[in-house]
Each structure stands twice: as structure tokens, then as C-alpha cells.
Amino acid sequence: MDELDPVIHPAVRLKITATLATMPPGDSMAFPRLQELLDLTAGNLSTHLRKLEDAGYVEVEKTHRGRTPVTYLRLSRTGRRAFEDYTTALRALLAP
């Protein structure tokens with residue numbers, strides 16, 4: 001049996017990757033939208049995103065819309081593959 005990825009396994013990180021995985025590859029979501037969808041504080045979301053970013057699973061793009069800073073998040077190719085492997089391992093673990 002494959003082990004569950006310890007980077008994705010914590011509940012908040014699993015929610016982040018699952019949410020970002022629903023978007024087509026290459027699409028991104030604004031930080032406030034993800035924060036709203038997951039009902040997390042900005043600090044909590046930032047902490048978990050940093051772990052995912054350090055693992056190469058999430059790509060963070062900081063830009064400006066006018067004078068307002070905006071952060072966009074997307075699942076990297078590596079992150080998408082890791083999430084697929086995670087869900088496969090989880091299904092195998094739960095199979096009768």
C-alpha cells in the first residue's frame with residue numbers, strides 16, 4: 001500500500017489542494033476567494049500554503065491590480081500529480 005502524502009494529509013492542506021484541483025490546469029484563484037471558500041483566517045491559510053509551496057505543490061503569483069496587491073494561487077503540475085496519487089492511495093486504503 002502506498003503511504004498518504006504527509007504534506008497533503010493535514011485536513012486544511014487537503015482542502016486547499018482539493019479546491020485548487022477542481023480548476024483546470026493552469027487556472028488560478030485569488031487568495032481572498034480561497035480563504036472565503038475554506039472559511040480560514042488569512043494567517044492559517046498562509047501558513048498551510050507556505051508548506052504546499054515549499055513542497056512545490058502550489059504556485060503563488062503576487063501581482064497588482066492597479067495599486068492593490070493581489071495574490072493568485074494555482075496547483076502546480078507536481079501538486080496535481082501528488083493530489084492524484086494521494087486520492088489513489090486513500091481509495092486503496094479504504095477499499096474492502
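1. A residue is called buried here when its relative accessible area is under 20%, exposed when that area is over 50%, and partly exposed in between, with a 1.4 Å probe and protein chains only. On this scale Asn44 is partly exposed, with a relative accessible area of 30%. Asn44 belongs to helix 3, where helices (H or I, at least four residues) and strands (E, at least two) are DSSP runs numbered from the N terminus. Between Asn44 and Thr17, which lie 27 residues apart along the chain, the C-alpha separation is 15 Å.

2. On the basis of the model: it is a predicted one, in which local features need pLDDT of at least 70 and side-chain atom pairs count only at pLDDT 80 or more, whereas totals for chains, interfaces and linings use all residues. Residues are numbered from 1 along each chain as its sequence is written, and side-chain values use heavy atoms, with hydrogens and water left out.

3. Which residues of helix 3 are buried? They are Leu45, His48, Leu49 and Leu52. Seen down the axis of helix 3, the buried residues fall within an arc of 105°, so they line one face of the helix; the arc is that of the directions from the helix axis to the C-beta atoms. Arg50 and Asp54, on the other side of helix 3, are exposed. The cover over the buried residues includes helix 1 (11-21), helix 2 (31-38), strand 2 (58-65) and strand 3 (68-75), contact meaning heavy atoms within 4.5 Å. Just after helix 3, Gly56 adopts a positive phi of about 85°.

4. Helix 2 can be described in the same terms. Its buried residues are Phe31, Leu34 and Leu38, and, seen down the axis of helix 2, they fall within an arc of 65°, so they line one face of the helix. On the other side of helix 2, Pro32 and Glu36 are exposed. Helix 1, strand 1, helix 3 and strand 3 are among what covers the buried residues of helix 2. Leu37, also found in helix 2, counts as partly exposed at 42% relative accessibility. Leu37 touches Thr19 and Met29, when residues up to four places away in sequence are not counted, while Leu37 and Leu20, 17 residues apart in sequence, are 11 Å apart in space, C-alpha to C-alpha.

5. Asp39 is exposed, with a relative accessible area of 70%.

6. In helix 1 the buried residues are Val12, Arg13, Ile16, Thr17, Thr19, Leu20 and Ala21. They pack against strand 1 (29-30), helix 2, helix 3, strand 2, strand 3 and helix 4 (77-94).

7. Not counting residues up to four places away in sequence, Ser76 touches Gly56, Tyr57, Val58 and Glu59. The C-alpha atoms of Ser76 and Ala55, 21 residues apart along the chain, are separated by 10 Å.

8. The largest pocket has a volume of about 150 Å³. A pocket is, on a 1 Å grid over the protein atoms alone, an open set of points where a 1.4 Å probe fits, with protein on both sides within 12 Å along at least five of seven lines, and lining residues have an atom within 4 Å of a point. The lining consists of Phe31, Ser46, Leu49, Arg50, Glu53, Val60, Lys62, Thr71 and Leu73. Helix 3, strand 2 and strand 3 are the elements that give two or more residues to this lining, and helix 3 gives the most, with four residues. By type, the lining residues divide into four nonpolar, two polar and three charged, where Ala, Val, Leu, Ile, Met, Phe, Trp, Tyr, Cys and Pro count as nonpolar, Asp, Glu, Lys and Arg as charged, and the others, Gly among them, as polar.

Note on methods. Grid points are joined across faces, edges and corners, and a volume is the space filled by probe spheres set on the points.
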